[in-house]
2 protein chains.
Amino acid sequence: MAGRTTIRELAKLSGVSVGTVSRALNGYPDVARETRARILRLAAELEYTPGAAARTLVTQRSHVIGVFLETGCDHPDLQHPFFHEVMDGLKQAVGEGGYDLLLFAAERPGNGFVDQTYLNRCRHHDVDGVVLMGVWSEDPEVRRLVRSEVPCVGVDVDLGATAVLVGSDNVAGARMAVEHLHRLGHRRIATVTGLIETRPGMDRLRGYRTAIQALRLAYRDEYVVYGDYYVDSGSAAMAQLLALEEPPTGLVVQSDLMAVGAIRTATAAGLRVPDDLSVVGFDDMPMAAHMRPALTTIRQDKARLGREAAAALLRRIERSPDQPPTVTLPVELVVRGSTAPLGGIES
Amino acid sequence: MAGRTTIRELAKLSGVSVGTVSRALNGYPDVARETRARILRLAAELEYTPGAAARTLVTQRSHVIGVFLETGCDHPDLQHPFFHEVMDGLKQAVGEGGYDLLLFAAERPGNGFVDQTYLNRCRHHDVDGVVLMGVWSEDPEVRRLVRSEVPCVGVDVDLGATAVLVGSDNVAGARMAVEHLHRLGHRRIATVTGLIETRPGMDRLRGYRTAIQALRLAYRDEYVVYGDYYVDSGSAAMAQLLALEEPPTGLVVQSDLMAVGAIRTATAAGLRVPDDLSVVGFDDMPMAAHMRPALTTIRQDKARLGREAAAALLRRIERSPDQPPTVTLPVELVVRGSTAPLGGIES
DNA sequence: TTGTAGGCGTTATCAT
DNA sequence: ATGATAACGCCTACAA
């Protein structure tokens, strides 16, 4: 009843030694067919499960993937819908590989006699690899972790040459957004950036600039307003753009959340979206299709980001140590109701 | 560089035995002030972290809380915004207590020689407690887990007397929603339920019924339509209600997601919300305030649900084994734009 | 106040 | 093909 079945009990009950039981369970070839069968039967009967702790101790492999998920103190962790979807893919993929996920929560695990660093928290739990999201890549502690023996992958964060970077093709995404608006006849196209210190924030801005130049549109500094991915910054940015002498007619907002804020402010100011102002978001969050107007946006395959992160990690753990340093997933323009031809449907 | 610092190295370097080091680190009183200081200094210097595996092995305490999060195969795990917010609170609270979270992902951990049950997966990792969300409480395997030695708490799922149930006051919430509509003059008030097999689904329906009776409104079977919490079921339910001879003028939708679907369908049918139809949702998901119209809803304190779940677990683990079997958090009516007086603003 | 030693549950290395 | 036995890193009686 209470307590767990140990390998020793199995040994006793099946009349062999613990060594043999272990080998039978782990599928070693040098076990008599009949012995193995007996042991397996017994194990199933007693619902034996190897203790992870003991096994980890001796094999130095925990079959656990750590996750650091920090999204700033301004906004509670886990708040941005993006991360949840990534976690979902991550969970799926590691699960299929026989791994579980450890979500780091404790600041001072162990005995708490010292503030623990990223690296220490990984070592403490012997995680076989770790996924970093929303962390500041220049943080000295992050760099130390990345340089350590622990396999790392960053989702949307560039950790340098020794780690894998998994992300969407943000440059292309922003470019596609601009081109979409251009195709609709817009020429005054502004952008609201994400957190510019983050990799996607920077890349999307770059994509915007590239497209503006390629299309031979005038690049205007005042058409670039800086946000932080969240709703309120989108509102603020919109207000700023509305105050311009020549406000834009098209807007590339580099997250759906900010797009929501931008649209709200524009609407409050009497503008109609998309009639007076077209806006395209970024992400395709679950609610994007359900807004009014429904959000035209650049879709990221968030679940797949998670799956790729897992895959990269497991590959590195179980197979080759050398890895493509970067996995870039394609994005997709999803046209919905928040964009329209300039000046309404004409010609 | 590579590899971790062990207690043995500390012992060697500080010139004492491993026993003393261990006691010093764990704050035992019987260590010379000066010896302890030296050891702690050294530990800090070398960034010593106790290995969780070894410690778990001997103490039988992992300082890890397991999480089972399953939200059905129809809808990808983790999809419903509700759970993310709960996880956030959970993470915070367990973190403060020095625990980390293990998100169960692997179906067959260990050697994979047998499909693992909930209980086995908990034992495998020696989790000190486990939080269950979105699981079917009648599942025999769930029941076995609950009856085991592993402390359990269900968020929105009633696991029986041996576990703690943390949830919102769903009955009161639904009642408040009905009363709000009634106060606005509505008399034909329908409801779209959540998954009726779940505890909140049932409780909210009960709250609706109670309120209808208390207000002496006629209870009509056709005013109760069954949904599954997600957007599409809200749409379908709305369509069904619209086809009635006497459609409702007020609608209590038992999740915000379904409210979104319901409103969309109503709007598509030519109804204006809230002018022709008032709808109140349930949850107050992050996007609720940003919809058009903004959603009137019953707010749950989701983060606090997580925190309470953690608190209940840690209490049971570290202190008293006897617990209040249920933690019920108050909800709050948040009036926004999707509800209005019957017949517009009159009198 | 400190050292010694046994044991937690597994794996893995030798013998046999 | 199987059985002893030594680790793995840590905690904790028990001895000194």
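A salt bridge is taken here as a side-chain nitrogen of Lys or Arg within 4 Å of a carboxyl oxygen of Asp or Glu. In the predicted model described here, local features need pLDDT of at least 70 and side-chain atom pairs count only at pLDDT 80 or more, whereas totals for chains, interfaces and linings use all residues. Residues are numbered from 1 along each chain as its sequence is written, chains are lettered from A and ligands numbered from 1 in the order in which they are written, and side-chain values use heavy atoms, with hydrogens and water left out.

Chain A is divided, by an automatic or database domain assignment, into domain 1 (7-59), domain 2 (64-166 + 303-327) and domain 3 (170-300). Contact (heavy atoms within 4.5 Å) between domain 2 of chain A and domain 3 of chain A takes 11 residues from each of these two domains, and their C-alpha centres lie 30 Å apart. About 940 Å² is buried between domain 2 and domain 3 of chain A, 58% of it on carbon and sulfur atoms, where buried area is the accessible area (1.4 Å probe) that two parts lose on being put together, summed over both. The count of salt bridges between these two domains is 1. D158(A) forms a salt bridge with R199(A), with the closest N and O atoms 2.8 Å apart. On the side of domain 2 of chain A that touches domain 3 of chain A, helix 5 (residues 81-96) gives the most, with 3 residues; helices (H or I, at least four residues) are DSSP runs, numbered from the N terminus.

Of the atoms of DNA strand D that come within 4 Å of the protein, sugar and phosphate account for 67%. At least two residues of the surface near DNA strand D are supplied by each of several helices, including helix 2 (18-25) of chain A and helix 1 (7-14) of chain B, and helix 4 of chain B gives the most, with 4 residues.

Note on methods: A residue is near a molecule or strand if one of its heavy atoms lies within 4 Å of it.
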